[in-house]
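Me: I am new to this structure. Please show me how to read its features, one at a time.

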Amino acid sequence: PVVLAQFGHQVLAWPLGPLWVLLAYVVAVLLAMPVLALITLGVLIFGPWPGMAYALVGMVVGAMVTYGVGRLTGPQLLDRLMKGRLHQISARLNAQRRSLWAIMWLRAVPVVPFVVVNLGAGALRVRLRDYVLGTTLGLLPGTVLISLFMRQVHLAVRTATPAGWLALASGALLVTGVLWWMRQQMSDLEGEHPVDAHNDESPQA
């Protein structure tokens with residue numbers, strides 16, 4: 001963590017350092033790096049609060065870039081490249097009025113890989129406003145929780161006191177409980193608005 005923090009200070013000292021950070025996140029998203037890794041690295045390199053901000057903005061920017069790639073590719077070609085997985089996203093985005101909630105659901109409960117959702121939403125022409133807002137709101141709770149948890153991990157390792165480890169265990173229970181609650185709320189919302197999984201029509205954005 002100390003080496004990564006020093007590296008983060010060096011990067012931010014470069015000319016246009018924050019833009020290089022965002023570019024790195026775009027590349028990481030294109031390489032299909034998991035969201036958990038993107039958030040964790042941001043916290044370890046830039047610290048809890050700046051790292052959280054860089055991770056969230058970087059993931060949203062990366063999501064917008066890959067959305068554009070999916071939109072240029074189109075649903076037919078992308079579905080072949082993804083071996084039919086595009087239908088899994090299309091089933092949850094089959095109504096324009098639900099696109100915002102569907103994107104939030106897919107971000108908060110990652111049943112589909114991050115980059116796959118990005119490409120699929122672009123290919124299916126989800127409204128850009130709903131896509132960006134849903135991505136931001138869906139990623140925000142998990143980003144904050146993971147950032148705070150990683151901060152507690154760092155403090156526990158640095159101090160190595162019983163109180164620090166107790167706080168770390170409490171934080172782990174809190175994160176687990178909140179994520180479980182989010183899953184339940186999103187699942188209940190999905191149950192109230194069922195999606196026809198056999199609908200093969202592409203949604204109209």
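Me: Let me start with α8. Is this helix largely enclosed by the rest of the structure or open, and how many of its residues are buried?

Reply: One caution to begin with: this is a predicted model. Now to burial. A residue counts as buried when its relative accessible area is under 20%. In α8, 10 of the 10 residues are buried, so this helix is largely enclosed by the rest of the structure. They are Phe114, Val115, Val116, Val117, Asn118, Leu119, Gly120, Ala121, Gly122 and Ala123. For the protein as a whole, 40% of the 205 residues count as buried.

Me: What secondary structure surrounds that helix? How many helices and strands does the protein have?

Reply: There are 10 helices and zero strands.

Me: How do I read the packing of two helices? At what angle do α4 and α8 pack?

Reply: Take the angle between the two helix directions, then the distance between the axes. Helix α4 covers residues 48–73 and helix α8 covers residues 114–123. They pack at about 45°, with axes 6 Å apart. That angle makes α4 oblique to α8. The crossing is right-handed.

Me: Which residues of α4 and α8 meet?

Reply: From α4 come Met59, Ala63, Thr66, Tyr67, Val69, Gly70 and Arg71. They meet Phe114, Val115, Asn118, Leu119, Ala121, Gly122 and Ala123 of α8. By class, this contact has nine nonpolar residues, four polar and one charged.

Me: What about α7 and α8? Are they roughly parallel or roughly antiparallel?

Reply: Look at the angle again. Over 145 degrees counts as roughly antiparallel. Here α7 and α8 pack at about 160°, with their axes 10 Å apart. The two helices are therefore roughly antiparallel to each other. Their crossing is right-handed. Ile103, Leu106 and Arg107 of α7 make the contact with Phe114, Val117, Asn118 and Ala121 of α8. Five of these residues are nonpolar, one is polar and one is charged.

Me: How do I find the core? Which residues in the largest nonpolar core touch the most other members?

Reply: Start from a general idea. In soluble globular proteins, nonpolar side chains tend to be buried together. In this model the largest nonpolar core has 40 residues. Tyr25, Met59 and Tyr131 touch the most other members. Helices α2, α3, α4, α6, α7, α8 and α9 each supply at least two residues of this core.

Me: Which residues does Tyr131 touch, leaving out those up to four places away in sequence?

Reply: Tyr131 touches Ala63, Met64, Tyr67, Ile103, Arg107, Asn118, Ala121 and Val126.

Me: Where does Arg125 lie?

Reply: Arg125 is in the loop between α8 and α9. Just after α8, Arg125 takes a positive phi of about 60°. Arg125 counts as partly exposed, at 41% relative accessibility.

How values were computed:
Residues are numbered from 1 along each chain as its sequence is written. This is a predicted model: local features need pLDDT of at least 70, side-chain atom pairs count only at pLDDT 80 or more; totals for chains, interfaces and linings use all residues. Side-chain values use heavy atoms; hydrogens and water are left out. Axes are lines fitted to C-alpha atoms, for helices over the stretch in contact, and angles run from 0 to 180 degrees between N-to-C directions. Helices (H or I, at least four residues) and strands (E, at least two) are DSSP runs, numbered from the N terminus. Angles under 35 degrees count as roughly parallel, over 145 as roughly antiparallel, 65 to 115 as roughly perpendicular and the rest as oblique. A crossing is left-handed if the near helix is turned anticlockwise from the far one by less than a right angle, and right-handed if clockwise. Contact means heavy atoms within 4.5 Å. Ala, Val, Leu, Ile, Met, Phe, Trp, Tyr, Cys and Pro count as nonpolar, Asp, Glu, Lys and Arg as charged, and the others, Gly among them, as polar. A nonpolar core is a set of buried Ala, Val, Leu, Ile, Met, Phe, Trp, Tyr and Cys residues joined through side-chain atoms within 4.5 Å. Buried means under 20% relative accessible area, exposed over 50%, partly exposed in between (1.4 Å probe, protein chains only).
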